[in-house]
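Please look over the structure shown below, with attention to the open spaces on the protein and the residues around them. The report that follows takes the pockets in turn.

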Amino acid sequence: MKYIENYINGEFCAPASGEYLDNIEPATGNVYSKIPESDKSDLEQAVQAAEKAFPKWSAMSTEDRSRLMHKLADAVEAAGDQLAKAEAIDNGKPVAFAKAVDSYRASANIRFFANACTQFSSESHNMGETGVNYTLRDPIGVVGTISPWNFPLYLFTWKVAPALASGNTVVAKPSEVTPMTAYLFSKICHDVGIPKGVINILHGSGPNIGQLLVEHKKIKAISFTGGTATGKKLAATAAPMFKKLSLELGGKNPTLVFADCDFDRTVNEVVRSAFSNQGQICLCGSRIYIERSIYDKFKHAFIEKVKQLKIGDPLEKATQHGALVSKPHMKKVLSYVELAQQEGGTVLTGGKQVTLDGRCEYGFFVEPTVIEGLTLNCRTNQEEIFGPVCTIQPFDSDEEALSLANGTDYGLATSIWSNNLTRCHSLAKQLDFGIVWINSWLLRDLRTPFGGMKSSGVGREGGEEAMRFFTEPKNVCIKY
Ligand code: TXE
């Protein structure tokens with residue numbers, strides 16, 4: 001049995017409590033490692049280490065900091081195969097997907113912010129003959145990051161990299177559901193010589209160590225990705241303490257397919273947008289609206305493609321659809337399929353747990369599921385399922401498509417499939433989402449603002465937005 005360790009002040013350590021949680025492999029249902037259940041005293045040590053490391057790390061020239069972060073990116077890239085396999089075991093996602101998406105993005109995130117810190121600048125405001133203002137953007141101090149299980153290392157580094165690049169020291173908490181790659185990452189940080197205390201990684205459950213991290217008064221900012229309900233709790237704790245808070249929460253994303261789309265390409269991409277990572281991406285398009293004139297044709301082509309997705313052992317290269325992350329999550333997803341039927345929906349394909357032969361016999365596999373016949377206001381179309389379940393529905397006009405798309409509490413991402421550019425731009429302007437993809441999905445440029453509106457979150461990540469989040473602006477005003 002492998003025991004994962006915390007990483008505090010450059011050292012690997014057991015939790016002070018001596019308590020561990022089980023870490024389960026979703027494809028088999030077996031406990032395969034143990035996770036520290038960290039507590040207050042681990043946190044205190046981590047915060048002290050981060051505080052001690054802050055003056056030197058924040059004073060380091062951006063060139064030196066950038067060089068060290070490039071070294072870290074290189075090492076993460078070199079470990080790409082090992083990290084992808086670890087992610088596939090820990091999360092249940094197909095290993096080929098983990099290599100192309102998770103591993104790739106983990107090193108890309110670090111490299112991106114290693115470059116960003118050398119380009120980051122601040123404003124000056126000229127007052128003519130009276131004087132001038134300039135803005136200093138200094139690192140905040142010790143910051144906290146809390147990341148989820150769907151892209152464990154990808155989203156972990158998406159937060160940690162800008163925090164470090166802008167000169168902060170970090171206490172990071174990965175999801176207790178998928179802790180392995182953050183642990184491997186701590187070893188890489190150690191090997192490449194990230195100074196001790198600059199990054200500290202604490203493992204453990206959200207309501208315990210996660211909550212303590214948010215409550216700690218020396219942690220000045222929290223960057224969080226996770227469920228909307230958890231985000232609410234975090235905000236309730238952090239707001240009275242006036243902490244900086246970035247919340248990237250759930251989504252219930254609409255996909256708008258128009259009759260003039262590039263049909264074959266759209267079918268393929270809509271399948272990808274609904275079912276990548278077993279539908280466990282906050283950006284997945286789970287409400288698919290199709291213009292009525294092509295509804296039947298699209299529906300049949302779409303279902304054909306969905307049925308072809310190869311469900312299998314995440315460790316097999318040919319697998320396209322792996323296991324869901326945990327048994328409780330699988331149960332939640334299946335309960336929504338049941339609910340959809342109670343609400344009047346018809347399951348066109350999928351809807352059931354899959355039992356595989358061999359080592360994956362007890363894994364948490366669910367068929368890619370397509371449901372028809374529901375209206376906007378039912379729970380299935382309003383609540384985030386976060387699994388391989390989507391609904392399809394026809395629409396008759398651009399206005400109707402728009403009102404269906406905007407008709408939930410969420411506002412993270414949407415995609416429009418049409419060759420009518422005027423329509424695309426007009427809809428993009430009116431859609432209440434942080435991200436609008438046109439004839440594409442999950443096409444990412446790391447410089448762009450990333451995040452959602454409404455119940456999908458507060459603040460934006462990525463590029464300049466992240467560098468600004470992790471720094472405190474100070475206006476200096478000079479009178480001539
Ligand atoms: O997420 P949680 P869960 C959605 C998705 C999913 C639901 C619940 O709908 O079904 O959220 O998933 C930590 N104080 N998303 O329960 O609990 C936790 O340890 C501080 C969307 O796994 O929000 C983990 O590190 N931290 C999402 C992180 O928060 C707390 C990705 C996220 O876990 C805490 C994942 C607390 N009180 C789930 N409670 C996305 N937006 O991509 C938990 N945590």
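## Lining of the largest pocket

In this predicted model, the lining of the largest pocket divides by class into 14 nonpolar, 15 polar and eight charged residues, where Ala, Val, Leu, Ile, Met, Phe, Trp, Tyr, Cys and Pro count as nonpolar, Asp, Glu, Lys and Arg as charged, and the others, Gly among them, as polar. A pocket here is an open set of points on a 1 Å grid over the protein atoms alone, where a 1.4 Å probe fits and protein lies on both sides within 12 Å along at least five of seven lines, and lining residues have an atom within 4 Å of a point.

Of the 37 lining residues, Trp149, Phe224, Gly226, Gly227 and Thr230 lie nearest the centre of the largest pocket. Among the elements (DSSP runs, with helices H or I of at least four residues and strands E of at least two, numbered from the N terminus), α8 gives the largest share of this lining, six residues.

## Position between the domains

Because domain 1 (2-249 + 456-479) and domain 2 (253-445) both contribute lining residues, the largest pocket lies between them; the domain bounds come from an automatic or database domain assignment.

## The second largest pocket

The second largest pocket is lined by seven nonpolar, seven polar and two charged residues, and α9 supplies the largest share of that lining, four residues.

## Basis of the model

Residues are numbered from 1 along each chain as its sequence is written. Local features need pLDDT of at least 70, side-chain atom pairs count only at pLDDT 80 or more, and totals for chains, interfaces and linings use all residues, while side-chain values use heavy atoms, with hydrogens and water left out.
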